[in-house]
Structure formats: structure tokens, C-alpha cells
Amino acid sequence: MTLLEDSEANHMIKLIFKWVYWNLLLKGVWLGYPQLQMEGKRLDMIGKK
């Protein structure tokens, strides 16, 4: 079985990704850990602490 071979599992993953893409990612919903949302941001530049 290859990675891109048509299978029931591959089909289900594609359907799930399609739903996540259209219903969450395009709306800008954060899917990661909450503490990572501000990771790497320079809050001193915008006046927040």
C-alpha cells in the first residue's frame, strides 16, 4: 500500500481535511495550543504586557 493509494482511510482523511479547511481554517480559527498563539510576538511594540 502506497501513501497516495486510494483506500477507505485515505478517503475519510480527505473528507475530514476538506471540512476542517472550509469550516475552520478559512475563518481563522486557531487550532494549536493557546500558549503558542502569542509565541514569538513582540508585545512591547504594541504596548501590551
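Is Trp22 buried or exposed? With a relative accessibility of 53%, Trp22 counts as exposed, where buried means under 20% relative accessible area, exposed over 50%, and partly exposed in between (1.4 Å probe, protein chains only).

## Basis of the model

The model is predicted: local features need pLDDT of at least 70, side-chain atom pairs count only at pLDDT 80 or more, and totals for chains, interfaces and linings use all residues. Residues are numbered from 1 along each chain as its sequence is written, and side-chain values use heavy atoms, with hydrogens and water left out.

## Overall architecture

The secondary structure of the protein chain amounts to one helix and zero strands; helices (H or I, at least four residues) and strands (E, at least two) are DSSP runs, numbered from the N terminus. Of the 49 residues in the chain, 2% count as buried. The chain exposes about 5,100 Å², of which carbon and sulfur atoms supply 64%; accessible areas come from the Shrake-Rupley method with a 1.4 Å probe, and for residues only the protein chains shown count as cover.

## Helix 1 and the segment before it

Helix 1 is hardly covered, with one buried residue among its 18 residues. The end C-alpha atoms of helix 1 are 24 Å apart, which agrees with the 26 Å that its 18 residues should span at 1.5 Å a residue; the expected span is 1.5 Å times one less than the number of residues.

Ser7 lies in the segment before helix 1 and is partly exposed, at 22% relative accessible area. A polar atom of the Ser7 side chain lies 3.2 Å from the backbone nitrogen of Asn10.

## Aromatic cluster and nonpolar patch

Phe17, Tyr21 and Trp22 form one aromatic cluster. Rings of Phe, Tyr and Trp (its six-membered ring) pair if their centres lie within 6.5 Å; planes under 30 degrees apart count as stacked, over 60 as edge-to-face and the rest as tilted. The count comes to two aromatic pairs. Tyr21 and Trp22 form an edge-to-face pair, 5.4 Å centre to centre with 85 degrees between the planes. Tyr21 is partly exposed, at 34% relative accessibility.

A nonpolar surface patch consists of Phe17, Tyr21, Trp22, Leu25, Leu26, Val29 and Leu31, with about 710 Å² of accessible area together. Leu26 lies in the segment after helix 1 (8–25) and is partly exposed, at 48% relative accessible area.

Conventions:
Patches are made of residues with over 30% relative accessible area and no salt bridge: like charges are joined within 9 Å, nonpolar side chains (Val, Leu, Ile, Met, Phe, Trp, Tyr) within 5 Å. A salt bridge is a side-chain nitrogen of Lys or Arg within 4 Å of a carboxyl oxygen of Asp or Glu. A polar contact is a pair of N or O atoms within 3.5 Å; within protein, one must be able to donate a hydrogen and the other to accept it, and residues adjacent in sequence count only if both atoms are side-chain atoms.
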